[in-house]
Amino acid sequence: MTHESMRIIRDEHGALASMLRSLSLMVERGPANDREQFFDALRAMLFYIDEFPERRHHPKESDLLFPKVLRLAPHVAATVAQLEQDHRFVEGAVRELQHHLLAWELLGESRRGLFDAAANSYVAFYLGHMRLEESVILPEAEKFLDDADWAELDAAFASNCDPLTGKYPPDPLYVELFTRIAMIAPEPIGLGSSLAEAGDARAVPL
């Protein structure tokens with residue numbers, strides 16, 4: 001039996017992994033002939049990472065999932081400590097990345113290398129972080145947690161409703177953000193590349 005919270009966590013990890021890979025693809029391609037659209041898309045993607053995974057997903061792992069697993073499976077204490085340290089690191093790292101992006105946009109190519117290096121490091125780190133959660137913590141949760149634990153976790157994670165999982169409409173407050181990402185960012189998270197190649201007028205900033 002797959003519990004709802006486990007499905008949501010894996011769905012949100014998948015959405016974030018797609019976002020990170022799209023970001024890497026954009027960085028590799030560079031702004032080409034449309035700097036405004038390029039920087040607009042990257043700003044939107046980094047804001048999403050800061051706004052959703054950092055503020056909705058991670059706190060529920062740290063406050064609910066990890067303590068429950070640690071209580072019943074103390075042998076994963078070192079892994080939980082590493083994951084908590086990761087959460088603290090990525091919270092600051094995404095904001096540093098936003099700064100590097102702004103520096104590149106405003107100060108030019110001399111600052112591109114710093115952003116490229118920081119972005120590549122960030123993406124690799126975050127993907128590794130999610131793999132560790134899925135390979136160690138989630139299996140232990142499924143092995144040891146009881147019905148009361150699952151009821152609390154399922155209720156908590158059900159409120160996330162991350163639209164990039166493809167299963168929820170965006171909160172009205174974020175409609176423009178998610179439309180912007182979908183229309184500008186390249187696959188796998190967006191439609192920008194295919195729309196641009198087809199000459200679709202929607203592939204421009206909103």
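Does Phe-38 count as buried or exposed, and at what relative accessibility? In this predicted model, Phe-38 has a relative accessibility of 4%. The cut-off for buried is under 20%, so Phe-38 counts as buried.

The overall fold comes next. The protein chain holds eight helices and zero strands. Along the sequence, the pattern reads α-α-α-α-α-α-α-α. Of the 206 residues in the protein chain, 50% count as buried. The accessible surface comes to about 9900 Å². Carbon and sulfur atoms account for 56% of that surface.

The mean pLDDT of the protein chain is 86, and 89% of its residues reach 70 or more. Helix α5 has the highest confidence, with a mean of 96. Helix α8 (residues 192-198) has the lowest, with a mean of 41. The pLDDT stays below 50 over residues 193-206. Beyond near neighbours in sequence, that stretch still has 23 contacts in the model.

Helix α2 covers residues 35-51. Its 17 residues should span 24 Å at 1.5 Å a residue. The end C-alpha atoms are 24 Å apart, which agrees. Helix α2 is also mostly covered, since 13 of its 17 residues are buried.

The largest nonpolar core contains 38 residues. Those touching the most other members are Leu-20, Leu-23, Tyr-48, Ile-49, Phe-115 and Tyr-122. Helices α1 (4-29), α2, α4 (77-107), α5 (112-144) and α7 (175-184) each supply at least two residues of this core. The largest share, nine residues, comes from α2. A second, separate core has 19 residues, including Phe-66, Val-69, Val-76 and Leu-83.

The whole structure has nine aromatic pairs. The ring centres of Phe-38 and Phe-39 are 5.1 Å apart, and their planes meet at 80°, so this pair is edge-to-face. Both residues, Phe-38 and Phe-39, are buried. Phe-38 also pairs with Trp-104: the centres are 5.4 Å apart and the planes are at 70°, so this pair too is edge-to-face. Phe-38 lies in helix α2 and Trp-104 in helix α4, so the pair ties together parts 66 residues apart in sequence. Trp-104 counts as buried, at 0% relative accessibility. Ring pairs link Phe-38, Phe-39, Trp-104 and Phe-115 into a cluster.

Technical notes:
Residues are numbered from 1 along each chain as its sequence is written. This is a predicted model: local features need pLDDT of at least 70, side-chain atom pairs count only at pLDDT 80 or more; totals for chains, interfaces and linings use all residues. Side-chain values use heavy atoms; hydrogens and water are left out. Helices (H or I, at least four residues) and strands (E, at least two) are DSSP runs, numbered from the N terminus. The expected span of a helix is 1.5 Å times one less than its number of residues. Buried means under 20% relative accessible area, exposed over 50%, partly exposed in between (1.4 Å probe, protein chains only). A nonpolar core is a set of buried Ala, Val, Leu, Ile, Met, Phe, Trp, Tyr and Cys residues joined through side-chain atoms within 4.5 Å. pLDDT is the predictor's confidence in each residue, from 0 to 100. Contact means heavy atoms within 4.5 Å. Accessible areas come from the Shrake-Rupley method with a 1.4 Å probe; for residues, only the protein chains shown count as cover. Rings of Phe, Tyr and Trp (its six-membered ring) pair if their centres lie within 6.5 Å; planes under 30 degrees apart count as stacked, over 60 as edge-to-face and the rest as tilted.
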